[in-house]
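Please consult the sequence and the structure while reading the points below.

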Amino acid sequence: MSSRPAQRRIVVVGDLLLDRDVTGSCERLCPDAPAPVLDVSDTCSGPGGAGLAALLCRRSGAAVTLVAPVADDAAGEQLRRALEATQVTLLGLGHQGPTRTKTRIRSGASSLVRIDEGGPGTPTGVVPPAVAEAITEADVVVVSDYGAGTTDFPAIRELLAGRTGAGQLHGRQTTTIWDPHPRGAPPVRGCTVLTPNLAEARAAAGHEGHPADLAMTLRRTWGGSAVCVTAGADGAWLATGADHAWFVPAPVVRDGDSCGAGDCFAATAAVSLAGGSTLSQAIQISVEEASSWVRKGGTAAYRDSTRDTSSGVATDEEASGVVGTAASGPSRLARVRREGGTIVATGGCFDVLHAGHVGALEAAGRLGDALVVLLNSDASVRRLKGRGRPVQSQADRERVLRGLRVVDEVLVFDEDDPRVALADLRPDVWAKGGDYDGSSMPEVAVMREWGGRVVLLPYLDGRSTTQLLRRHHEGEQRPRVHT
């Protein structure tokens, strides 16, 4: 009789914050100062710092324990409740001062100012015995340093160093991911991978070097098995040896919100390594997930999608609905709407991208200020096109489209036609290839509901995926003449 695999145990050690987003709209200035007035429409809060990293590890189904200082105040109690609601086990340490709180004041998708309160958050008191057991027995430990002093607390540091040191001494697999901070303590030696961003890497190395050189330098300095320098939209550089580094490019993301991307990266790497991925595989997955996180709107969008509306506190229950919606798209779409611009949508299978596709997308892009592609899922393509289709997977088709400069967002839908996705997005224009009769399209009635219009695009004869595949197949069937 087969048994279910054991649940992976991930321990996150670091500094816990309360993140707050106060969102509204700015349409006027104060009468007594040249300052914008924010009409608040929403306030959302939840665990930040190491707390966010723990939540993101937990959504994979792993058993997650968070070791962090927690203040004995109302905000600290709010953090305890939020973590308990997501089944993250909290092993709290003493916390110097009130809860560290970071509040972002936002107009739409744009941050006006961030207000930091509380702290310093340095650990105090005696470390509970359960902390030592958790760190020692974990499959993966993630150190999420936010500069408050947890990584410099002697008892915690001794436990982390003992874990990595024991692994090196006895040849055991002890996976430790360290996400450093400029104000934090240097990482202990022997970590599996250290994940500074480019600014942090330059600060640690003391020079403005190339990310690859920084990764190799810090690997020697910190004594880790590998260092991965994340460079935002440019991807990441992974050094596992002394004389070379791997480059992992990031998918194209236009605009978006990078808040929390580092936590998403570290958490994804932890989950991937716990699941058996190699380090290079884990870094590639983490780059893609962090890019997706930015594209969808960062921490604010995550909290909005996981909100418990009865309490106003974010939870970790994923929102249901179509694969992508206007609310989860990049900040560019929100800004275009706010500024009264025109959002254009077009759609299709885009199974084998060809000149006809590119021409249609370029034409659609000229109809407005942002272009969204509604992409048929693999199941939808299979129903529409039959056996053997799609040729390329949904993920590959989406990635190719995102690489085109004219495309601002790609949303996947599973139905046979895009009416449901259109109703969610509510674009100003629906652009369709000119081989369609506009009066017979089911999308026409949907677009009329909010005053949108349908525009037909020129049809390039002979440029279709079906015809290209047929010609390719026929060419393979012809007998070859050898000379």
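**Hairpins around strand E13**

Strands E12 and E13 form a hairpin with five residues between them, and glycine 232 in the turn has a positive phi of about 60°. The model described here is predicted.

- Strand E12 (residues 227–230) pairs with E13 in the antiparallel sense over four bridges.
- Cysteine 228 has leucine 238 in E13 as its bridge partner.
- A hairpin is also formed by E13 and E14, with six residues between them.
- The pairing of E13 with strand E14 (residues 246–248) is antiparallel, over three bridges, and tryptophan 246 in E14 is the bridge partner of leucine 238.
- In a regular strand, side chains alternate between the two faces of the sheet.
- From strand E13 (residues 236–239), Ala236 and Leu238 point one way and Trp237 and Ala239 the other way; all are buried.

- An open sheet is formed by five strands in the order E19-E18-E17-E20-E21, with parallel pairing.
- Strand E19 (409–413) and strand E21 (453–457) are the edge strands, each pairing on one side only.
- From one strand to the next, the twist averages 30°.
- Strand E18 (residues 370–376) pairs with E19 in the parallel sense over five bridges, and leucine 374 stands opposite leucine 411 in E19.
- Helix H11 (residues 355–365) lies across strand E17 (343–348), E18, strand E20 (429–433) and E21, and runs at about 140° to E18.

**A nonpolar surface patch**

- Leu112, Val113 and Ile115 form a nonpolar patch on the surface, together having about 240 Å² of accessible area.
- Valine 113 belongs to strand E7 (residues 110–117).
- Valine 113 counts as partly exposed because its relative accessibility is 43%.

Terms used. Residues are numbered from 1 along each chain as its sequence is written. This is a predicted model: local features need pLDDT of at least 70, side-chain atom pairs count only at pLDDT 80 or more; totals for chains, interfaces and linings use all residues. Side-chain values use heavy atoms; hydrogens and water are left out. Patches are made of residues with over 30% relative accessible area and no salt bridge: like charges are joined within 9 Å, nonpolar side chains (Val, Leu, Ile, Met, Phe, Trp, Tyr) within 5 Å. Accessible areas come from the Shrake-Rupley method with a 1.4 Å probe; for residues, only the protein chains shown count as cover. A salt bridge is a side-chain nitrogen of Lys or Arg within 4 Å of a carboxyl oxygen of Asp or Glu. Helices (H or I, at least four residues) and strands (E, at least two) are DSSP runs, numbered from the N terminus. Buried means under 20% relative accessible area, exposed over 50%, partly exposed in between (1.4 Å probe, protein chains only). Two strands pair if DSSP finds at least two bridges between them. Axes are lines fitted to C-alpha atoms, for helices over the stretch in contact, and angles run from 0 to 180 degrees between N-to-C directions. Contact means heavy atoms within 4.5 Å.
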